[in-house]
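Hello,

Here is the structure I promised to pass on to you. Please have a look, and then read my notes below.

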Amino acid sequence: MAFVIDNKDLEASLNDNADEFCQLAQTMLTKCKESNEQKTMDMLATRMEDWGNATCRKIAWITENKSFVTHPFFQSVLSKEWMGELSLINRWTGLTIPLCVVPPMQLLIPCLIRFKIDDENEQRQNKVSKVK
């Protein structure tokens, strides 16, 4: 609203309100995360019909709420979404970029990529072997 209004006093008031709501959103995200991380992730992904089926993430992005978008929990949720089921522990990460450039070597890339389920299976096997 502050971008489209001509009244300078009202514009300043709207900007102050926007700054306050940005701070409140960041504080709320921190408190929600401390209470229940999974519910907070679900909350960030919930589509709100009253807001044109937008999510909290989309609204924060559109309104350029930098303090909310740069919040560590928000960034971790984006990283999890970006990485999907890929493991954070991938082998020979330094080799994957050169392998992408050399055409016949691209066939080796699937052998280098690990998935979270592989990591979980490997951890279970290590626990079982330690118990024996």
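**Confidence first**

Confidence in the protein chain is highest in helix H2, at a mean of 87, and lowest in helix H6 (residues 93-101), at a mean of 64; these are pLDDT values, the predictor's confidence in each residue on a scale from 0 to 100. Over the protein chain the mean pLDDT is 78, with 73% of residues at 70 or more. As you know, coordinates predicted with low pLDDT should not be read in detail.

A word on conventions. This is a predicted model, so local features need pLDDT of at least 70 and side-chain atom pairs count only at pLDDT 80 or more, while totals for chains, interfaces and linings use all residues. Residues are numbered from 1 along each chain as its sequence is written, and side-chain values use heavy atoms, with hydrogens and water left out.

**Overall picture**

The protein chain has eight helices and zero strands, where helices (H or I, at least four residues) and strands (E, at least two) are DSSP runs numbered from the N terminus. Of its 132 residues, 17% are buried; buried means under 20% relative accessible area, exposed over 50%, and partly exposed in between, with a 1.4 Å probe and protein chains only. The accessible surface comes to about 10700 Å², and carbon and sulfur atoms hold 61% of that (Shrake-Rupley method, 1.4 Å probe; for residues, only the protein chains shown count as cover). Among contacts (heavy atoms within 4.5 Å) between residues at least 6 apart in sequence, 41% join residues at least 24 apart.

**The core**

Which residues make up the largest nonpolar core? There are nine: Leu29, Met41, Leu44, Ala60, Phe68, Val69, Phe73, Phe74 and Val77. The elements giving two or more residues to this core are H2 (37-45), H4 (66-69) and H5 (72-83), and H5 gives the most, with three. Domain 1 (1-46) and domain 2 (69-131) each supply at least three of the core residues; the domain bounds come from an automatic or database domain assignment. By nonpolar core I mean a set of buried Ala, Val, Leu, Ile, Met, Phe, Trp, Tyr and Cys residues joined through side-chain atoms within 4.5 Å.

Phe73 is worth a click: setting aside neighbours within four places in sequence, Phe73 is in contact with Leu29, Lys33, Glu37, Thr40, Met41 and Leu44.

**Loops**

Most residues other than glycine have a negative phi. Asn53, in the loop between H2 and H3, has a positive phi near 60° and is partly exposed, at 40% relative accessible area. Glu64 sits in the loop between H3 and H4, with a positive phi of about 55°, and is exposed at 57%.

Asn65 lies in that loop between H3 (56-62) and H4 too, but Asn65 is buried, with a relative accessible area of 7%. Not counting residues up to four places away in sequence, Asn65 touches Cys22, Ala25 and Ala60.

**Cysteines**

How many disulfides are there? The count is zero, taking a disulfide as a pair of cysteine sulfur atoms within 2.5 Å. For Cys32, the closest cysteine sulfur is in Cys56, 9.3 Å away, so the two are too far apart for a bond. Cys32 itself is partly exposed, at 21% relative accessibility.

Best wishes
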